[in-house]
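Work through the exercises below with the sequence and the coordinates open. Try each task before reading its solution.

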Amino acid sequence: MPDAATLQQVEPTAASEVADLLRRADTQGQAVVVCGNRTKARWGVPPQRADVVLSLKRLNAPIEHSAGDLIVTAPAGATLADINALLAGERQWLPLDPWAGDHCTVGGLIATNDSGPRRHRYGAPRDLLIGVEFALANGCLAKGGGRVVKNVAGYDIGRLLCGSFGTLAVITSATFKLSPKPPASRTVVVRTRSEAEARALLIAITQSPLTPSAAEVAWPDTRCLLRFETTVAAAEQQAAVLTRLAAHHGATAEILTETEEKPCWERHATSVRRHAGTLLRVGVLPVDLPKLLTALQSLASESGLRVVAIGRALLGAVLVHVDGDHAQTAALVGQLRTRLKSANGHVSVLATDPEVAHATPRWDEVGNPAVQQLMRAVKAQFDPRGTLCPGGGPGGLT
Amino acid sequence: MPPVLLQALSRTLPADALLSHPVDLLTYESDALVHLRAMPGAVVLPRSTAEVAAVVRLCHEHGVPFVARGSGTGLSGGALPRRDGVLVSLARMTHIRHVDLDNQYAVVEPGVTNLEITRRVAPFGFYYAPDPSSQSVCSIGGNVAENSGGAHCLKYGFTVHHVLGVEAVLPTGDVIRLGGPTPDHPGLDLLGVLIGSEGTLAVVTEVTVRLLRRPEAVLTLLAGFPSIDAAGEAVSAIIACGIVPAAVEMMDRLTIDAAEAAVHPNFPPSSAVLIVELDGVEGEVRELFSRVEGVCQRSGAETVEVARDNAARDRIWKGRKAAFAAMGRVSPNYYVQDGVVPRTRLPEVLRRIRDLEQRSGLRIGNVFHAGDGNLHPLICYDESIPGQAERAEWVASEILEYCLDAGGSLTGEHGVGADKRASMAKMFTTDDLDTMQRVRCAFDPRSLCNPGKVFPTPRLCGEVPGPYRAHPIERAGLAERF
Ligand SMILES: Cc1cc2nc3c(=O)[nH]c(=O)nc-3n(C[C@H](O)[C@H](O)[C@H](O)COP(=O)(O)OP(=O)(O)OC[C@H]3O[C@@H](n4cnc5c(N)ncnc54)[C@H](O)[C@@H]3O)c2cc1C
């Protein structure tokens, strides 16, 4: 594989230029690697071939906000920060808080379906995307969805592009549904004495009327972060209810106000936002979370690896960062897979070093041979000549 | 229908699972879009995934098209059968296979009705959120196919936001699983594109749905306004306050009259009514609800009734949910349209619909999901008067044009099906449709799975525009396209 960093980077400023570039590359049999602001440059599988690096970062204006319709349309190169700065004036937001932080571009956000703690209430990009414009490998510009929040006309191509890692089409613009920005926020930091207690408390929360916007677990300094974003009175009231519920389960709880919670959430996010080491995306059933943490505990202490995990406690979506010896890291990934298999869990390696990648598969199997065949068929339909990020697709099939 | 296929089906299925006598087939001639009818070649009623797979594999072997059918409540002819094909009814796959409240999901067969899921988990304080008006009859498989929504999807989203995984039979007869109760499955999000594909990609044989905890508090109000415009302003003002209600529904005078005649919900004698419902934690709901009440007063509400108890709330919703069926009380026939406009363009589109009413001489009732701009104009006509049925159809298609002119969509929840496929080219370019066709060809290269739906012109997958090939003069370096 040629080193993408040494290749010339093309930075078009219009969708038509993106299309022209793709058409030319496709005809000439060149492989195109797509990127935005490179906030996730280490994510995904390095493509098998790369002749052109296509960066969408200059395709970044205009951002069109329709406040009364609660939607925004932004070009692929606009960053989440640009968008939310514009929306703030109308007290609205695109409530995504991805791993990469808010300097990621819209295109990168969709291509990786990257999300964060607020996924608990608001969902991931695939849940908020209502329309998309893109260029196909053959140079056609096309769209899916529309600019209305409710729409079932035709297939939802936008959703298919979410998490496709740039292997099906190049996103040029996207429309998202928005939410009003809640006026107040409170965070409750809960510490339990044991993992079993944590499990009981989390189940009690799902059965309570509480409506947190985020429900996170963090490890190894085990704690849960519950966030309530609503009116001042309702946020305070819910924080108080949770504190009582925690006490009932023998846990301690501390309520943080807006100024106090900020550094806490920043620390939480940056604990896994590291540009070295190995980043895993793990999916488990929510009640199996304590089991996952126990497994991490024993694997970390056996291997001496530095392991940090944060995740959406009530969804079972966890990010694990592993730092240390490559062979040990690969072994940890393998053992984690073995332990989670019977519980329907899975482990994807989002970012790692080549040494680890050689020693362990990036992805669990995507399904039976029919599913594998189907994913290959979708790729072949969209990009028959393998122009777009060859080999870089999710699941390792595309 | 090749007789050999019928014989093979009868060898594969129990005797009571195959219907081919014309009398038995009548029930299956149409879905709820009754003017499109066709007698299916045969109907099968499988009881298991294995039976569905066996039927589909036989169809594949014989090159015979098949159409999945849930409860047949679809309003776009999606389950319209083919004379030369097999209709696969999922009506006998009605088991709830697994409920896991700790992890908040349930695994159900496709023929389970939407409401049945909620009924099963309600005693424990949970429910399945998407609530189409047809929820007591429509199947979850049909909901997945149509990405159905309901009055409460403004806050809670559509089927796609509540389905975690499916098991499905591909047009080859292969059984696949996409997604599941654990998040972030590796690979492409094929589940995301299967939902809403109107039965044209696969037959869904099992669905894993997310269950939600019932909200602690629900408050509902019914406000009467002197005009549709005033009610519309109230909706804008609510949204501008930063409030996302669980539901915001609007009805005009004609639909209020119809509902009154049918179920007597005791609606005010206003030109328009608005139903606004908030739900969530008690404190939040009370605080925001009093703001909504204030907004309604300031926007010129003539009456504001706050539902005192569940009985009052049920009465209000009964009035709203009866609106479609109740049109029969004020008109011999009516046509239900389903279109979407950006919410801020509602006043302009409603004005055009009023002009159209005058011009066409047909009465048009308006009942709609005001929060998300999803219109359901009800066009009244009398088919015994020559020319009226055609005129109603023309009026319905005019209204779609208005929606598209305003930047909206052909359909918000009823789907394209057989009914609106010709209009798809008005909303999408050839390249847009070709992209959808690529997905179709990956799943169903032989176009056997519910063909003739969604796409404006049937096309064989061999015809997919292939990769760009240089023209000889380009290859010779005599011309460039860029
Ligand atoms: C009075 C009334 C009110 C309605 N209100 C609403 C509403 O509020 N919101 C809304 O969204 N819709 C509404 N609808 C429309 C309809 O109820 C929905 O589209 C519903 O999801 C259809 O479900 P069904 O089981 O009846 O499907 P069917 O009508 O049997 O089929 C619909 C489509 O789904 C496909 N299909 C069915 N089962 C499967 C399966 N297992 N696998 C693959 N494909 C399958 C069929 O091929 C067809 O294309 C209403 C309809 C009526 C009659």
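Buried means under 20% relative accessible area, exposed over 50%, and partly exposed in between. Keep these cut-offs at hand. The model is predicted.

**Exercise 1. Classify both ends of the salt bridge between A:R126 and B:D189, and place each end in its chain.**

Step 1. Start with the contact. The side chains of A:R126 and B:D189 form a salt bridge, at 3.0 Å from N to O.

Step 2. Locate the ends. A:R126 sits in helix α5 (residues 125-128) of chain A, and B:D189 in the loop between β9 (175-179) and α7 (190-194) of chain B, so the pair joins two chains.

Step 3. Apply the cut-off. B:D189 has 16% relative accessibility and so counts as buried. A:R126 has 11% and counts as buried too.

**Exercise 2. Describe the salt bridge of A:R186 with A:E258, then that of B:E167 with B:R177.**

Step 1. Take the pair in chain A. The side chains of A:R186 and A:E258 meet at 3.0 Å, N to O. A:R186 is in strand β11 (residues 184-191) and A:E258 in helix α9 (residues 258-270), so the bridge ties together parts that are 72 residues apart in sequence.

Step 2. Check accessibility. A:R186 is buried, at 11%. A:E258 is partly exposed, at 38%.

Step 3. Turn to chain B. The side chains of B:E167 and B:R177 form a salt bridge at 3.3 Å, N to O. B:E167 belongs to strand β8 (residues 163-169) and B:R177 to strand β9, so this pair ties together parts that are 10 residues apart in sequence.

Step 4. Check accessibility again. B:E167 has 8% relative accessibility and counts as buried. B:R177 has 46% and counts as partly exposed.

Step 5. Look for shared partners. A:D97, A:R118, A:R227, A:E229 and A:E261 are joined into one network by salt bridges that share partners. Over all chains, the structure holds 47 salt bridges.

**Exercise 3. What does the side chain of B:D382 contact?**

Step 1. B:D382 lies in the loop between β19 (374-381) and α14 (388-405) of chain B.

Step 2. B:D382 is buried yet has none. The nearest side chain of opposite charge is B:R363, 9.7 Å away. The cut-off for a salt bridge is 4 Å.

Step 3. Search for a polar partner. The side chain of B:D382 makes a polar contact with the side chain of B:S384, at 2.6 Å.

**Exercise 4. Examine the backbone at A:P62, A:P220, A:F165 and B:V454.**

Step 1. Recall the background. Most residues other than glycine have a negative phi, and most peptide bonds are trans.

Step 2. Read omega. The bond from A:A61 to A:P62 is cis, with omega near -5°. A:P62 is in the loop between β3 (52-55) and β4 (64-66) of chain A. The bond joining A:W219 and A:P220 is also cis, with omega about 20°. A:P220 falls in the loop between β12 (214-219) and β13 (223-230) of chain A.

Step 3. Read phi. A:F165 has a positive phi, near 50°. A:F165 is buried, at 13%. B:V454 has a positive phi near 70°. B:V454 counts as buried, at 1%.

Definitions and conventions. Residues are numbered from 1 along each chain as its sequence is written. Chains are lettered from A and ligands numbered from 1 in the order in which they are written. This is a predicted model: local features need pLDDT of at least 70, side-chain atom pairs count only at pLDDT 80 or more; totals for chains, interfaces and linings use all residues. Side-chain values use heavy atoms; hydrogens and water are left out. Helices (H or I, at least four residues) and strands (E, at least two) are DSSP runs, numbered from the N terminus. Buried means under 20% relative accessible area, exposed over 50%, partly exposed in between (1.4 Å probe, protein chains only). Lys and Arg count as positive and Asp and Glu as negative; His and the chain ends are not counted. A polar contact is a pair of N or O atoms within 3.5 Å; within protein, one must be able to donate a hydrogen and the other to accept it, and residues adjacent in sequence count only if both atoms are side-chain atoms.
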